[in-house]
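Thanks for coming, everyone. Please look at the screen, and I will walk you through it step by step.

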2 protein chains.
Amino acid sequence: MINTLYLPEIREMLVDRDSEGLRDFSGALHPARTAEFMEGLTAAESWVVLRAAQPYLRAQIFGYFDEDRQIEIVQTCNRQEVSELITDMPADDCVDLLEEVDPAVVEEILPLLPVDDRRDILRLREYPEGTAGSVMTTEVARLPETMTVRDALLEIGRQSQELETIYYIYIVDGESHLRGLVSARQLVANLGKEDTCVADLMERDLVTVYGHDDQEVVADKVANYDFLAIPVVDNEQRLLGIVTHDDIIDVLLEEAEEDAYLAGAINPLQESYLETPWYTLAWKRGLWLFILSMAALLTVIALQGYENVLKEVTWLALFIPLIISCGGNSGGQSATLVITSLTTGDLKLSEWRQVLWRELIMGLALGTGLAALGYVFAVVLITDATSVQKLVIPITLLLVVVTGTVCGGALPLVFRRLGLDPALMSNPFVAGIIDVAGILIYMAVAVAMLDELQVLFAK
Amino acid sequence: MINTLYLPEIREMLVDRDSEGLRDFSGALHPARTAEFMEGLTAAESWVVLRAAQPYLRAQIFGYFDEDRQIEIVQTCNRQEVSELITDMPADDCVDLLEEVDPAVVEEILPLLPVDDRRDILRLREYPEGTAGSVMTTEVARLPETMTVRDALLEIGRQSQELETIYYIYIVDGESHLRGLVSARQLVANLGKEDTCVADLMERDLVTVYGHDDQEVVADKVANYDFLAIPVVDNEQRLLGIVTHDDIIDVLLEEAEEDAYLAGAINPLQESYLETPWYTLAWKRGLWLFILSMAALLTVIALQGYENVLKEVTWLALFIPLIISCGGNSGGQSATLVITSLTTGDLKLSEWRQVLWRELIMGLALGTGLAALGYVFAVVLITDATSVQKLVIPITLLLVVVTGTVCGGALPLVFRRLGLDPALMSNPFVAGIIDVAGILIYMAVAVAMLDELQVLFAK
C-alpha cells in the first residue's frame, strides 16, 4: 500500500525545482515516515528529493527505502554523490547493500570513498553472512580512560552525527584494546561531578562476542542481558565494532522466519515470498519434497510385503491414512516442542533422559485416548470382522503414537548431538520416518491378531 | 548448568555475616552475571546477599533471578523489605511477578507500597496479557516544554535511578498530553548551546501505540522504525508509559515460540517444556490430535466407499501413504510460506490473486516432478497392471499436489479474511484437509482409468 498523502505536493515541488520546499518536507518527519511517503516516486525523483534534504538526513531516509530502490539509485545516479551518501551510512548496512549492487559499479564507487570507510567496508565484507561481524557497525563511540565526564559528553556530542549510538561509550587503550564501558546514562547522572574520570565510572567486566560468532549467539546474549548493544572483539580483545539492539531485532525476525520455513520443509528464502522467482522457489521446495517422497516410497515397499494380507482383509487399507496421520501428528508435536525448547535455550542436550521419559508418558496418555477413539471408529465402520479383530486398530494406534512421541522427541536431540541443526528434524521429516514405522507396526499387529492371516502366512 | 565459580566465597561470607564483602561482590559485575553466580544459593541465602547489596542494585539483580526464586522470596521474606524491593522494580515486571504470587501475600504487600507505585500496578493489571499496556513501563522521563538543554540533562541525571531508560525523554504538558520527544543524543549534541529550549529540538511527529493495542503491533512498529522505545498513549494522547527495546525482544521471542507451537499443532505453553505438568501438556496436545483425527476419520469414510475397488485392485492400497504424504507436504509448504509472509508483513491479503496464481504454477511444476517420480515407482513396484493402468499414480500425484499447493496457499488467506489467526491453518491442519481430498481424487482417477473397475461399478 503506497501512501499518497503528500505525493501531489512533492510532485509539484519537483516540477517547480523547489529545493527549499523539498528540504522542509524531508526534515519534517521521522526519516522512516519520510521514506514511506516517497514510495510513490520513481527512483530518479526520490534522488532529487534526497539531494535537497539536509546532508545528515539523506543517508537516514535512504536507509528506509526498499532494497530495490536503493540498488537502482546506487547503480544509476552520479557516482560521486552516491559515494558521499554511502559514507554517511552505517558500514554494516552499506556492505549489505553493495553485495546486491552490480560489481562493476561497486568497483567504481569504492575508490571514491574516504580511506577509512573503504577499509571498514572491505573488512566487514570478509565476515560470512550470519556472523556477528556481518551485522556489526564500526561506528562506535570510543574514548580513552583518562577523559573526564564533562569532556566525554562534549566529545560524544561532537561525534554524535557519525555514530549509530552514543548511549554506550567504549573505553579503549592506544591499541584499541577494550577496557570498559560507560553508558551515557552514567555520564548524565554524574553531571554534578563533571571532573570525575570515566575510568572511575566504567564497567570493566564486559560481555563480548567475537567477529565470527554466530548471530544467534549474539542475539541470545543481548536478549538475556537486556543490552542496547554488545561489543564485538578480536582474539586479542581489540574492539572491532558493536551490534546494536535494532540489528538484534532484525536477526531475531530473520531466525524466526528461517525456523518457520524449515519446520515447513522449505529451504529459507533470501527474498520475500512474492519476490522469489518461481523456479527458485520450486527448487527450494522440490528438493525437500523429493527427499520426503523417498521416505514415502519406503511405506509403499513396506506395504508391498503385505499385499496378500490387504487382499484378504480389505478393511485394513481403509485405516492406513488414520494410523499414519495419528503417528505423524503426535510425533510432529514432540519434535516441535523439543526443537523450540532447544532454540529458546529452555532445554539442554543433557536433559535427554527427561525428554524421553516425558515423551513416553505422553505417548501412553495420548495413545490411549486415540486408541479409544479408534476403537469406536472401528466398531462403527468395520462390518466384516469380529470384536477381537477390530482391536487391531486401537492396539496399533497406541503403539504408533508412543513410537511417534518418543522418536519425535529423540530425533532433534540426536541431530543436535551430531552438531546438525535440530530444526531439520521437524514436523514433515519426523512424520516421514514415523509413517514407515507406523505401517510396519500396523501390519505386524494385524498379522498377529487376525486368525485368517496366521493361516495365510502359514501356507 | 549452575555456575559455581564464586559459590564457596559467597557461602563463606554468608557464614561470617560479612556484609561488606557481599556488597562488594554484588556490585562488581553486571547484575545479570551476579544473578547467575547466585543460582547455587537457596532463596533465603540470596535474600541475605541482596540485602547487603547497594539499594539501587537490589531490584536489578532480583530482576534476573528465575521466576520461581522471585516468587519464593516475595512469599517468604519480610513483607516490608520486599515491598521496598518491589518499589524499585519496573512496574511492568512487578505486575507480571505479582500475578504469580499467592493473592493473600499480594494483599499484604500492596498497602506497604507508596501510593504512586500502587496506583501504577493496579492500572497495569487492568491490561490483558499480550497488549501494549501489559508490557509497558510507567517509569518514563517526562519533562515540560520550557526546559533548557542544561536543565533537562541535570533533571534526567537526577531521575536516572528510577527510570528504565533516559535516552528518550518525552515532553508533556500539564495534563500529561504527549507533545514531543527529545533524545538524550540530541541533548548531548547540543551541550554547546545549553540554553536552547527542549521545545526547539523536539520531534513532534511521533509514532505512538494505544494501551490496548496488540503487542505484535507494538513490536512491528519498533522493528520498522528502529526505535529504542515507543510511547503508549490513551485516546486523548496522554502519555501512559513506554515499551522499551528489551521488552520488544521478549515479545518477538514469545511470538516466534507461539507461532512455532501452532505450526506443530500444540496450544502455546505458558511455561517451558520441562516445567509444564504432563497433564497440561497432554491436554494442549490432545485437543489438536482429536481434531486432526476427526479429519483423518473422513479419509476412512471416503475410502470405505471404494472398498470394492481396493479389494479388486490391491496395489492401489500400497500407494495411499505416498499420495497423501505428497499432497500434505506440498500443501504444508504453501501454507508455511503464506503464513510466514503474512506474519512478517511481506504479504498482504489484497495480493491473494498473485498467491493463488503462484501456487497453481508451483503445484503444476512440483506435481509434474513428483508425478514423474511416482510413475517410476509404479512401473518398478506394480507387477499386476498394464502400463496405462499404472498411469493412475502419476495422474493422481499431479492432481493432488496442485490441490495441495492451491488449498495450502488459500486456507491461511481465508482465515485471515475471516479475522482468525492464519497460523491455525498451518502444516498439520492443511495436511488433514488435503488427505481427504487426496483420497477422493485417487479413487476417482482409479475408477476412471481402470477398465475392470468400470465394469465393476456398472454392475
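In chain B, three strands form an open sheet in the order 4-5-6, and the pairing is mixed. Remember throughout that this is a predicted model.

Which strands sit at the edges of this sheet? They are strand 4 (209-210) and strand 6 (239-244) of chain B, and each pairs on one side only. Strands of a sheet pair through backbone hydrogen bonds, either parallel or antiparallel. Strand 4 of chain B pairs with strand 5 (residues 229-233) of chain B in the parallel sense, over two bridges. Find B:Tyr210 on your screen.

Next, another sheet in chain B. An open sheet of three strands has the order 1-2-3, again with mixed pairing. Its edge strands are strand 1 (142-143) and strand 3 (178-183) of chain B, each pairing on one side only. Strand 1 of chain B runs parallel to strand 2 (residues 168-172) of chain B, and two bridges join them. B:Arg142 has B:Tyr170 of strand 2 as its bridge partner.

Stay there for a moment. The loop between strand 2 and strand 3 of chain B holds B:Ser176. What is the phi of B:Ser176? It is near 70 degrees, a positive value in a residue other than glycine. Why point that out? Most residues other than glycine have a negative phi, and most peptide bonds are trans. B:Ser176 counts as partly exposed, because it has 15 C-beta neighbours inside 10 Å.

Over to chain A now. Here we look at strand 5 (residues 229-233) of chain A. Is strand 5 of chain A mostly covered or mostly open? Mostly covered: five of its five residues are buried. Both faces are covered. On one side are A:Ala229, A:Pro231 and A:Val233, and on the other are A:Ile230 and A:Val232.

Strand 5 of chain A has partners. Two bridges join it to strand 4 (residues 209-210) of chain A, and these two run parallel. There, A:Tyr210 has A:Val233 as its bridge partner. Strand 6 (residues 239-244) of chain A runs antiparallel to strand 5 of chain A, and five bridges join them. A:Ala229 stands opposite A:Thr244 of strand 6. Strand 5 and strand 6 of chain A form a hairpin with five residues between the strands. In that hairpin, A:Gln237 takes a positive phi near 65 degrees.

Another positive phi belongs to A:Asp226, near 60 degrees, again in a residue other than glycine. Where is A:Asp226? In the loop between helix 15 (215-225) and strand 5 of chain A. A:Asp226 has 20 C-beta neighbours inside 10 Å, so it counts as buried.

One more stop inside chain A. In helix 4 (residues 43-52) of chain A, the buried residues are A:Ser46, A:Trp47, A:Val49, A:Leu50 and A:Ala52. They pack against helix 1 (7-15), helix 2 (19-28), helix 5 (55-63) and helix 6 (67-76) of chain A.

Last topic: the two chains together. How many residues does the contact take from each chain? It takes 98 from chain A and 98 from chain B. On the side of chain B that touches chain A, helix 20 of chain B gives the most, with 15 residues. By class, that side of chain B has 58 nonpolar, 25 polar and 15 charged residues.

Zoom in on one helix pair. Two packed helices are described by the angle between their axes and the distance between the axes. Helix 17 (residues 278-304) of chain A packs with helix 20 (residues 320-344) of chain B at an angle of about 160 degrees, and their axes are 9 Å apart. That angle makes helix 17 of chain A roughly antiparallel to helix 20 of chain B. Their crossing is right-handed.

Methods: Residues numbered from 1 in each chain as written. Chains lettered and ligands numbered in written order. Predicted model: local features only at pLDDT ≥ 70, side-chain atom pairs only at ≥ 80, totals over all residues. Axes fitted to C-alpha atoms, helices over the stretch in contact; angles between N-to-C directions. Helix = DSSP H or I, 4+ residues; strand = E, 2+ residues; numbered from the N terminus. Parallel < 35°, antiparallel > 145°, perpendicular 65-115°, else oblique. Left-handed = near helix turned anticlockwise from the far one by under 90°. Buried ≥ 20, exposed ≤ 12 C-beta atoms within 10 Å, placed from the backbone. Pairing = 2+ DSSP bridges. Contact = placed C-beta atoms within 7 Å. Nonpolar A, V, L, I, M, F, W, Y, C, P; charged D, E, K, R; others polar.
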